[in-house]
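Thanks for coming, everyone. Please have a look at the structure before I start. I'll go through it piece by piece.

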Amino acid sequence: MQEDLVEEAARLLAASRYAVALTGAGVSTESGIPDFRGPSGIWTRSPEAERRAYRTYQLFLTDPKRYWEERLSRPSLLGDLSKAQPNPSHYALAKLEKLGVIKCVITQNIDALHLKAGSVNVIEYHGNAFKLRCPHCNARYNVEEYDLEGLKQRGELPPRCRRCGSPLKADVVHFNEPIPQDVMLRSLQEVYRCDLALICGTSAVVYPFAELPRIAWRRGAIIIEVNLEPTPLTLEGISTIFIQGKTGEILPKIADKVEEIVEKKRRS
Ligand code: APR
Ligand code: ZN
């Protein structure tokens, strides 16, 4: 049964004109990074952490100094992302891009693992944990360009934008925070253009990201969903194909099948 779905997904991907991948935390759990709403997800395990997360953006707006003092005093909920390595899910999507099939990966993940795995055209919809961003002029900086601990010791938080002087925040999109304009625009261009969207490892409940597969679907794109559990996309009949299981097992199988088809086409 699953083999047939993998075959069908590979056939549709190989025949697509412009396929994009949309990913969520589920593609990184096999790298040891917890997801949010899965059975052992961060919000599942700690509703208090989720409630606190809903207040973070408001704290930045009202008191950027305290936003940073809190941020620097608590370890990341996702663990130490700098040690995380890509897993077969990420490598499979990078391979599909190299085969010329996946044109873009739009990810909700802030762990930069798609980039580490070799994907090139990646849109980080919720930002990147290794960067700082200026909400005023949208300048982005690598975290190591600022001595955050030193600023904290000297009472000089928040870090300030070198272009416009505004307080910088982490380049991660918090609840109720607008998606940066440049990211929103690029993502919409990609889903408007696609004729196939491969949705992997997302519960598809957080907007506006969850609108992206719906836009593609309304424009007639094929929706292939790979997830441990059914989601609203599955239940609302938006997914053309739903393959239930681990992305780290399923995506490499799909990528291998696509490679076979593409190679065959090349030889004929
Ligand atoms: N393979 C396939 N699916 C998986 C795997 C796996 N190895 N591990 C987990 N999943 C599934 C879970 O069952 C769940 O349906 O991936 C989905 C992850 O959903 P969420 O935890 O809600 O993560 P995501 O959809 O990315 O959340 C969106 O919510 O809190 C915000 O900003 C945060 O970007 C995040 C956004
Ligand atoms: Zn600025």
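A word on terms: contact means heavy atoms within 4.5 Å. This is a predicted model, where local features need pLDDT of at least 70, side-chain atom pairs count only at pLDDT 80 or more, and totals for chains, interfaces and linings use all residues. Residues are numbered from 1 along each chain as its sequence is written, chains are lettered from A and ligands numbered from 1 in the order in which they are written, and side-chain values use heavy atoms, with hydrogens and water left out.

Let's begin with Ser 239. Not counting residues up to four places away in sequence, Ser 239 touches Ile 223, Glu 225, Leu 233 and Thr 234. With Glu 225 there is also a side-chain polar contact of 2.7 Å. That term means a pair of N or O atoms within 3.5 Å; within protein, one must be able to donate a hydrogen and the other to accept it, and residues adjacent in sequence count only if both atoms are side-chain atoms. Ser 239 sits in the loop between helix H10 (232-235) and E9. Helices (H or I, at least four residues) and strands (E, at least two) are DSSP runs, numbered from the N terminus. Is Ser 239 buried or exposed? Buried, at a relative accessible area of 12%. The scale is this: buried is under 20% relative accessible area, exposed over 50%, partly exposed in between, using a 1.4 Å probe and protein chains only.

Now the inside. The largest nonpolar core has 30 residues. Such a core is a set of buried Ala, Val, Leu, Ile, Met, Phe, Trp, Tyr and Cys residues joined through side-chain atoms within 4.5 Å. Leu 13, Leu 96, Leu 198, Ile 254 and Val 258 have the most contacts inside the largest core. Elements that each supply at least two of its residues include helix H1 (2-15), helix H5 (88-98) and helix H11 (247-267). Take Leu 96. Beyond its neighbours within four places in sequence, Leu 96 contacts Val 101, Ile 102, Leu 198, Ala 255 and Val 258.

Next, helix H9, residues 211-218. Its buried residues include Leu 212, Pro 213 and Ile 215. Among the elements that cover the buried residues of H9 are E1, E2 and H8. Just after H9, Gly 220 takes a positive phi of about 90°.

On to the backbone. Most residues other than glycine have a negative phi, and most peptide bonds are trans. Which peptide bond ending at Pro 158 is cis? The one from Leu 157, with omega near 5°. The bond from Tyr 207 to Pro 208 is cis too, with omega near 5°. Pro 208 lies in the loop between E7 and H9.

Two asparagines have positive phi. Asn 138 has a phi of about 70°, and Asn 138 is partly exposed, at 25% relative accessible area. Asn 176 has a phi near 70°. Asn 176 counts as exposed, at 62%, and lies in the loop between E6 and H8.

Last, Ala 112. This residue lies in the loop between E2 and helix H6 (113-116). Ala 112 is buried, at 12% relative accessibility. Leaving aside neighbours within four places in sequence, Ala 112 contacts Glu 124, Asn 128 and Phe 130. That's my tour.
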